[in-house]
Amino acid sequence: MFFDISMIVLIPGILLGMYAQAKVSSAYNKYSRVLSASGYTGAEFARKMLNDNGLYDVTITQISGKMSDHYDPRARQVRLSAEVYNGTSIASLGIASHEVGHAIQHATHYFPLTLRNMVIPATNISSSIYFPLIFLGLILNSTSLFGLGIALFAIIVIFQLITLPVEFNASHRAIVTLGDDAVLAPAELKGAKKMLSAAALTYVAALVTGVLQLLQLIIMFSGRDE
C-alpha cells in the first residue's frame, strides 16, 4: 500500500505549511492596505533600485495574478503583479525591492543563486518523474525503481535547501535598501520586515515538508528492502 503508517511523519510539515501560508496571507492583506508615506509605487522604486545598482538593462513588467511577483534571469525582467506594480503600500515596496534583490544577486553572481539556477533543469526533470517511478516501484515491487524515485526526490529537497539563502538574502537586500534610502519610515520598515519574514517562512516550511517526505519514503523503502 502506498499510504501506510510511515506517512505520520509528514504531519508536522503539513501543519507548518498551513501556518506559513496563513501567516504570509495575513501579513500581505494587512500591509497591502497600509500606504507608504514616500508615495513610491512598487514599479517606481524597483526602477530606482535597479538604476542605483547600475542595472539599466533590467526591465520591469506588469503581470497578472496575486503574489505572482518574480525575477526572470533569462529575460532579465522584474515581473510584478498589478497590486505591487501600481501600489504604494508597504507590501508593494517590500515585494518589489525583494524581487530587485534577486536581479542584483544575478548581476553580482551571488553563488547560491548561481547554484540554484544550475540545479533547476535537474529539479524540473525530477519533479516530473520521481512519483511515477515510486508508484511503479510499489506496483511492480521493484526496489530499483523505488530507490531511483527517492534519489530524484532528494534533488528536489536539495533545491529547496539552496533556495533558502537566496530568498533570505534578497529580503535582507530589500530591507537594507528601503531603510538606507529612507523610503520607509522606521515603523513602516518594521511592517515590511514582518511581511518578508512571513514570506520566507513558506520556503522554510517547504524545506521541512520535503525533508520529512524524503524521510517517509526512505522508511518505506527500508521496510520493503527487508
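Residues are numbered from 1 along each chain as its sequence is written, and side-chain values use heavy atoms, with hydrogens and water left out. Because the model is predicted, local features need pLDDT of at least 70 and side-chain atom pairs count only at pLDDT 80 or more, while totals for chains, interfaces and linings use all residues.

Begin with the sheet. Helices (H or I, at least four residues) and strands (E, at least two) are DSSP runs, numbered from the N terminus. Three strands form an open sheet in the order 1-3-2, with mixed pairing; two strands pair if DSSP finds at least two bridges between them. Strand 1 (59-63) and strand 2 (70-72) are at the edges with a single partner strand each, so one side of each has no neighbour in the sheet.

Strand 1 pairs with strand 3 in the parallel sense, over five bridges. Thr59 has Gln77 of strand 3 as its bridge partner, and Gln62 stands opposite Leu80 in strand 3. The pairing of strand 2 with strand 3 is antiparallel, over three bridges, and here His70 stands opposite Arg79 in strand 3. These two strands form a hairpin with four residues between them, and Arg76 in the turn has a positive phi of about 55°. Strand 3 is largely enclosed by the rest of the structure, because four of its five residues are buried (under 20% relative accessible area, with a 1.4 Å probe and protein chains only).

Next come the cores. A nonpolar core is a set of buried Ala, Val, Leu, Ile, Met, Phe, Trp, Tyr and Cys residues joined through side-chain atoms within 4.5 Å. The largest has 34 residues, and Leu50, Val78 and Met195 have the most contacts inside it. Helix 1 (11-31), helix 2 (42-52), strand 3 (77-81), helix 4 (90-107), helix 6 (143-180) and helix 7 (186-225) each supply at least two of its residues. Helix 4 gives the most to this core, with eight residues. Apart from this core lies another, of 15 residues, including Tyr130 and Leu152.

A pocket is an open set of points on a 1 Å grid over the protein atoms alone, with protein on both sides within 12 Å along at least five of seven lines; lining residues have an atom within 4 Å of a point. The largest pocket is lined by 27 residues, and Asp69, His98, Glu99, Glu167 and Tyr203 lie nearest its centre. Helix 7 gives the most to this lining, with six residues.

Key. Buried means under 20% relative accessible area, exposed over 50%, partly exposed in between (1.4 Å probe, protein chains only). On a 1 Å grid over the protein atoms alone, a cavity is a set of points where a 1.4 Å probe fits but cannot get out, and a pocket is an open set with protein on both sides within 12 Å along at least five of seven lines; lining residues have an atom within 4 Å of a point.
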